[in-house]
Amino acid sequence: MDETSIEPRPRAALDFDALVEREQAVLLRLARRLIWDAEEARDLVQAALADAYEKRRSLRDIQAGPAWLRRILVSRAMGLLRRRRVWSVLREVLDLNPAPQRSPEEAFEGAERWQAFGRALRSLPTQQATAFTLRYLEGLDLDSIAQAMGIERGTVRIHLYRALQKLKAADALMMKGDTP
């Protein structure tokens, strides 16, 4: 057998549908925790999956698929949060319609504390809120967060430290009876 007759092994083809099926629930949970709105979270996941489908040929390592999808979702979520903050400021300044009604989930016992936490988390800068959500609500390690956010590990640590400081301060105010 000569060397010219040896064909290279084809690399395992990415089964995009299987990847999406495995990761969709995780992505939806992450989206809900990042933007705190179930309906918008579903829309966000669909948009992120559409982006991923368009870019599927750029994914070379099948094992990196879940992290790659998270990064696309986090990127989209950060853009949405930035736009939402801008609109919220404009709504306040222009005294337009009040914020939307609370969801039914927020009516459960302990909703006041959960709402206060949600308000405090949403008041954080986008990078800090995203890092906090990925670490403490999703349980990702620092390297995975850095990869998902497209930043260095040390920068993740800084965002987490600052987020925790601000959330602790907001919690202290809430315990005194004030709301953040």
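How many helices and strands make up the secondary structure of the protein? In this predicted model, the secondary structure comes to 7 helices and 0 strands. Read along the sequence, the elements follow the pattern α-α-α-α-α-α-α. Of the 180 residues in the protein, 34% are buried. Among contacts with a separation of 6 or more, 66% are accounted for by residues 24 or more positions apart.

Two packed helices are described by the angle between their axes and the distance between the axes. For helix 1 (residues 16–35) and helix 2 (residues 38–55), the axes come within 9 Å and cross at roughly 140 degrees. Angles over 145 degrees would count as roughly antiparallel; helix 1 and helix 2 are therefore oblique to each other. Their crossing is right-handed. On the side of helix 1, the contact is made by Phe-16, Val-20, Gln-24, Leu-27, Leu-28, Ala-31, Arg-32 and Ile-35. Helix 2 contributes Ala-38, Glu-40, Ala-41, Arg-42, Leu-44, Val-45, Gln-46, Leu-49, Ala-52 and Tyr-53. By residue class, the contact of helix 1 with helix 2 divides into 13 nonpolar, 2 polar and 3 charged residues.

A search of the whole structure for aromatic pairs finds 2. One of them is formed by Phe-16 and Tyr-53, with a centre-to-centre distance of 5.5 Å and an angle of 65 degrees between the planes. Planes over 60 degrees apart count as edge-to-face, and the pair of Phe-16 and Tyr-53 is edge-to-face. Because Phe-16 lies in helix 1 and Tyr-53 in helix 2, the pair ties together parts that are 37 residues apart in sequence. Both residues also belong to the contact of helix 1 with helix 2. Phe-16 has 9% relative accessibility and so counts as buried, whereas Tyr-53, at 42%, counts as partly exposed.

The rings of Phe-132 and Tyr-136 also form a pair, with centres 5.1 Å apart and planes at 40 degrees, so this pair is tilted. Phe-132 and Tyr-136 both lie in helix 5 (residues 126–137). The two residues are 4 residues apart, about one turn of the helix. With a relative accessibility of 7%, Phe-132 counts as buried. Tyr-136, in turn, has a relative accessibility of 43% and counts as partly exposed.

Conventions. Residues are numbered from 1 along each chain as its sequence is written. This is a predicted model: local features need pLDDT of at least 70, side-chain atom pairs count only at pLDDT 80 or more; totals for chains, interfaces and linings use all residues. Side-chain values use heavy atoms; hydrogens and water are left out. Axes are lines fitted to C-alpha atoms, for helices over the stretch in contact, and angles run from 0 to 180 degrees between N-to-C directions. Angles under 35 degrees count as roughly parallel, over 145 as roughly antiparallel, 65 to 115 as roughly perpendicular and the rest as oblique. A crossing is left-handed if the near helix is turned anticlockwise from the far one by less than a right angle, and right-handed if clockwise. Contact means heavy atoms within 4.5 Å. Ala, Val, Leu, Ile, Met, Phe, Trp, Tyr, Cys and Pro count as nonpolar, Asp, Glu, Lys and Arg as charged, and the others, Gly among them, as polar. Rings of Phe, Tyr and Trp (its six-membered ring) pair if their centres lie within 6.5 Å; planes under 30 degrees apart count as stacked, over 60 as edge-to-face and the rest as tilted. Buried means under 20% relative accessible area, exposed over 50%, partly exposed in between (1.4 Å probe, protein chains only).
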